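Please keep the sequence and the model in view while reading.

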Amino acid sequence: MLVNLHIVNLALIDELDIDFRPGLNILTGETGAGKSIIIGSIGIGLGGRYDTSLLRDEEKDGLVELLFSVDETVADLLREEEIDVEDGEVLISRRLTGGRSINRINDKTVTIAKLRQVSECLISLHAQHEQRTLLKASKHLELVDKYSDKIPVLKDKVSGIYKEFKSVSDKLETMSLDETERAKKLDYIRYEINDIESARLTSGEDTELEDIYKKASNAQEIAEITGETMELVGYDSDRSAGSQLSRAVRTLNGLTKLDPGAEELVKMLTDIDALMSDFAGQLSDYASDMEYDEETLRSTEERLNLINTLKARYGSSIEDINSTLEKLKNEEEELTSYEETIASLENEKIKLHAELEKECDKLTAERKKSAKALCKTIADAMKELNFERVSFDMEFGRLSDYTSNGIDSAQFIISTNVGEDMKPLVDTASGGELSRVMLAIKSVLSESDDTPTLIFDEIDVGISGITAEKVGNMMHKLSESRQIISITHLPQIAAAADSAYVIEKKVVGEKTNTSIRSLDMDGRIKELARLLGGAKVTDSVIATAKEMLAHN
């Protein structure tokens, strides 16, 4: 859940810090106090757009921080997004500097895309315009699909078959050549096959040749280094280390005649002499191997140039080139037996089309079954929200062709009055009705929605009286399984809150500032009385406010 909200230097806010609690959190305040600023700031913190005009002081940075407490299920989801979770807390921070933002999650800098992706695991923000987005016809099938455990399995099967079908269809399309085009393409493929095969490449050949070329091109310098080293350590010169060491061994041997205990020293020096001799021999062999003639250098260079030319055309390694060769041979085979290949692909397409049709029909049937159950449950929930004569259903259609999501098009249809025809939801619902429909849908789908925090911005638009009371009751019921944060101007909804906050706009000096504070019971009574009585709060209004709170 959202534990703390911290905002700095945005719109009418100098600095704001507020703690939220579990259950139903209700925010109230007079018109123009800045309720939309706070919800908008949360949206920015979750990755929404902003422009520099929102900065209260353009010389300073803006900041939005959201601290969440998460359970292990959500923590596991976040770890899948490569976000470390310690002590069950996640801190999202978005610093706004000029025309850019710096986004962090638990002190790890992330992209805006990653920020939005992680935010979806933590919180769902429903403003007025987002309600309409949620209820667009294109979103309706998503809601139905979430309501059934069987649909995801069927969708995966349809998607897999569709990919195969699309692959075969695309291949057929690319192979649709006339005789001249086919002959031309076959000639070019055979040219490429011959180009590769005539090189007679062997695995690892390029690495070996590069080593030889490097040594051959540096042969003179290598000879100079090895020759000088041989002079220093060899046995050809009296002043070289090998000759001096042999002389030392002979001299030291005389010591054993004087002191038998010196034999160990003689042995050590003799071993060193033998090691030096072995080294000199190996260095001589190495020098002999480094003797390259001009022809060797030229042929090695030509072979490397050929291999690198093939790499530029067919792949970055000999293995890639050989893989390309296999593909070219397959294409040659397909074009050589063109009629048979086309016939085979067409038969495969027919077979996959039949499978796709069969699985899509299963998916459609399950969707209709799911839609029937979902629409009935939503209608029942809507009746709890004072839609007394509502009819709610889903209208199915078919797309012009199959897709990875099946062939269904669908939209919710509704009638809110007896005798009215069922019409598309988005075309008929008013703002207030749309808010209630959305709340009904969220309450029905709450079990399949894992988002721990929901925010509703003025879900009470266009409602009043007993309807408002029913909306408050449903929101409170929904808050039993997740945290709800909502703005309202209706006392019936405010009275249902587990925790209440008031948003205020005050003039301090020559600056207007928006702030938010948590209300105790006395504060809740006064705020509820203001919502009930407006500017004039009488004793009877206070009594009504107390009674409303007592019943919730």
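**Aromatic pairs and a helix packing**

The count of aromatic pairs comes to 3, where rings of Phe, Tyr and Trp (its six-membered ring) pair if their centres lie within 6.5 Å. Phe 392 lies in strand 9 (residues 391-403) and Phe 412 in strand 10 (residues 406-415), so that the pair links distant parts of the chain, 20 residues apart. Strands (E, at least two residues) and helices (H or I, at least four) are DSSP runs, numbered from the N terminus.

This is a predicted model, in which local features need pLDDT of at least 70 and side-chain atom pairs count only at pLDDT 80 or more, while totals for chains, interfaces and linings use all residues. Residues are numbered from 1 along each chain as its sequence is written, and side-chain values use heavy atoms, with hydrogens and water left out.

Phe 392 counts as buried because its relative accessibility is 8%, the term meaning under 20% relative accessible area (1.4 Å probe, protein chains only). Phe 412 is also buried, at 0%.

Helix 7 (residues 179-197) and helix 13 (residues 318-336) pack at about 150 degrees, with axes 9 Å apart. Helix 7 is therefore roughly antiparallel to helix 13, a term for angles over 145 degrees.

Terms used. Axes are lines fitted to C-alpha atoms, for helices over the stretch in contact, and angles run from 0 to 180 degrees between N-to-C directions. Angles under 35 degrees count as roughly parallel, over 145 as roughly antiparallel, 65 to 115 as roughly perpendicular and the rest as oblique. Rings of Phe, Tyr and Trp (its six-membered ring) pair if their centres lie within 6.5 Å; planes under 30 degrees apart count as stacked, over 60 as edge-to-face and the rest as tilted. Buried means under 20% relative accessible area, exposed over 50%, partly exposed in between (1.4 Å probe, protein chains only).
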